[in-house]
Amino acid sequence: MIRTALAMIAFAANSLLCRIALGHTGIDPASFTTIRLAAGALVLGLIVRARRCGPADQAGRTRLDPGRWPSAIALFVYAAAFSLAYTRLTTATGALILFGSVQATMIGHDLLAGERLSLRQSVGVAIALAGLVGLLLPGLSAPPIGSAAAMLVAGVAWGVYSLRGRRGGDPTAVSAGNFLRATPIAVALSFVLHDAFALDLAGVLAATASGALASGLGYAIWYGVLPALGATRAAIVQLSVPILAALGGIVFLGERPTLRLALASTAILGGIALGIRKRA
């Protein structure tokens with residue numbers, strides 16, 4: 001239970017740290033992405049290497065994995081779009097759009113693969129999509145369309161990355177390889193966007209914490225508890241991530257929730273809960 005809670009806090013902290021860095025420090029989105037991926041690769045690699053000294057290595061579960069380029073590209077697209085989106089989105093809005101688009105991507109993939117939803121699941125998905133559309137509709141309290149679109153792209157990319165992760169292997173080792181492959185792509189992006197290059201100590205520290213703790217260590221903890229949770233419980237417990245991110249934005253950044261965000265959160269999270277109850 002404690003490790004599960006720590007993993008959910010780490011996932012929510014990614015949104016909070018990114019928003020702090022890109023909204024309140026001098027770092028640019030490309031540099032934040034590069035440092036985050038590099039720090040994540042370093043921590044995940046160290047964790048995998050440390051496990052090689054244990055008995056699990058005899059079963060072949062802790063060998064270093066080179067990763068996969070398609071997965072690495074999906075990871076890079078997620079991280080880059082995530083950083084770009086948080087230049088203007090609030091913590092809560094960004095986390096909610098990300099979570100909704102990830103789930104929509106994975107559900108859409110399974111439907112295309114031939115899976116059929118029950119009536120309750122169909123109603124849940126419809127409610128969630130309606131909530132997401134309602135959040136993005138133009139209006140005084142609507143999020144900036146460009147940033148919202150970037151977060152939608154991030155969610156789709158993370159959904160693709162998660163779907164590719166179903167193919168087996170040690171997830172921590174595979175993620176270490178994917179983070180390592182994604183890092184030079186992020187470096188290339190920084191070179192392309194060199195005119196916007198900007199760094200400061202607070203931004204670097206936030207990016208490092210996002211990569212090393214919220215991403216690398218957080219993923220390692222999550223992969224460790226995932227087998228014990230099972231698919232359904234794992235899917236349901238992740239509903240807490242946007243809520244934790246929203247609370248973090250309120251407490252640490254003084255963000256004020258709007259009625260639109262509250263209604264959209266209820267619809268999206270409630271609808272997803274219905275949709276995944278049996279499907280997961």
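Author: Begin with contact: it means heavy atoms within 4.5 Å. This is a predicted model, where local features need pLDDT of at least 70, side-chain atom pairs count only at pLDDT 80 or more, and totals for chains, interfaces and linings use all residues. Residues are numbered from 1 along each chain as its sequence is written, and side-chain values use heavy atoms, with hydrogens and water left out.

Reader: Which residues does Leu229 touch, not counting those up to four places away in sequence?

Author: Leu229 touches Thr4, Trp222, Ala234 and Val237.

Reader: Is Leu229 buried or exposed?

Author: Buried means under 20% relative accessible area, exposed over 50%, partly exposed in between (1.4 Å probe, protein chains only). Leu229 has 14%, so the residue is buried.

Reader: And what is the relative accessibility of Thr91?

Author: The value is 0%, so Thr91 counts as buried.

Author: Helices are DSSP runs (H or I, at least four residues), as are strands (E, at least two), numbered from the N terminus. Thr91 lies in helix H4, residues 91-112. Leu229 belongs to helix H8, residues 201-229.

Reader: How many helices and strands are there in the protein?

Author: The protein has 11 helices and zero strands.

Reader: What radius of gyration does the protein have?

Author: That radius is taken over C-alpha atoms; the globule rule is 2.2 Å times the number of residues to the power 0.38. For 280 residues, a compact globule would come near 19 Å; the protein has 18 Å, which agrees.
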